[in-house]
Amino acid sequence: MARDKVPVIDMLKADGLAEEIVNACKEWGYFRVINHGVPIELLAQMKAVNAELFDRSTEIKKGTLGGVYGKGYMERNPVTPFLESLSIDDISTFTHDFCDRLHTNPQQREIIQKYIKAMRDLAGVLGRKLMEGNGLKGDLFDGWCCQMRMNKYNYSPESVGSCGVFLHSDPSFMTILQDDEDVNGLQMVDKYTGEFIPVDPVPGTLAINMGDIAKAWSNGTFCNVQHRVWCFEPKTRYSIVLFVLGPDKTKVEAPPEFVDSEHPRLYVPIDIKEYRQVRSASKLSNGDALELFRNTKT
Ligand code: OGA
Ligand code: NI
């Protein structure tokens, strides 16, 4: 039988928070957070900015592409016909450039900056809890590269009953998602039964999930949960995602504490840029790309 409850974690919980987070990462690969520290008003403001930016002309949205900037705008395409997205590939470097190219007004820019800071702060807390819950010391995501992506699902009556985003795992370490409190559709795969579990929106909360890099770092113990977005009703759906990608200059490898004779090192040290290239070239978007980074030494 599918486990149909999504774990909900109260970030203000006094005792056992770190252990609860680590346990959810292992058993589910995803959870919702409440009392996460991102002001509810800011979530609403950012959702409104998201909608406003997608209302820009295609020409302006495409202006976020190219140059040193990176990916920027992704148009609707045959693989994801309903989805368009706008992404800041490195929030520490490109946020102003992104705002300039989208001709944001000062209020929109301020909201984007505040939102990014709040999400990054939350990511930092979660990274420290992941260390603590594993009996390790330190600030896991310190200096790591993060990407922000805004999504708009242009659903119509024809899209009902099809996929907004096909089944995948995230190539990131961790993903923080502000899903649309008015339009459901996110579904996670239960790692034990393979069944889809609906992750329906709960206003004011955020959904967190682990990606491929978290599985590698934890020596296979964190679940890089597979998920998809399904269209149930012909309503436009917005989501905003912070991907904690990984360190910029060093490779990701499991700390020695995760490795012993019963738990041999599963993966070679991974360069996150190389990982993303290999994953996209091999079209293994369900986490199987990690197999290409298997440690063959015993
Ligand atoms: C993603 C993703 C879910 C959503 O961007 O990787 O799974 O609700 N998004 O938009
Ligand atoms: Ni995803």
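Helix H7 (residues 272-282) contributes six residues, the largest share, to the lining of the largest pocket in this predicted model, where helices (at least four residues) and strands (at least two) are DSSP runs numbered from the N terminus. A pocket here is an open set of points on a 1 Å grid over the protein atoms alone, with protein on both sides within 12 Å along at least five of seven lines, and lining residues have an atom within 4 Å of a point. The space in the largest pocket amounts to about 1400 Å³, and among its 49 lining residues Lys-71, Arg-149, Pro-171, Arg-276 and Arg-279 are the closest to its centre.

Ligand 1 sits in the largest pocket, a placement that requires more than half of its atoms to lie within 2 Å of the grid points. The shell around ligand 1 draws two or more residues from each of strands E5 (145-153), E11 (227-230) and E12 (237-246), with E12 giving the largest share, four residues. In total 13 residues surround the ligand, each with a heavy atom within 4 Å of it.

Residues are numbered from 1 along each chain as written, with chains lettered from A and ligands numbered from 1 in written order. Local features of the predicted model need pLDDT of at least 70 and side-chain atom pairs pLDDT 80 or more, whereas totals for chains, interfaces and linings use all residues, and side-chain values use heavy atoms, without hydrogens or water.

Note on methods. 1 Å grid on protein atoms, 1.4 Å probe; cavity = no way out; pocket = protein on both sides within 12 Å on 5 of 7 lines; lining within 4 Å. Points joined across faces, edges and corners; volume = space filled by probe spheres on them.
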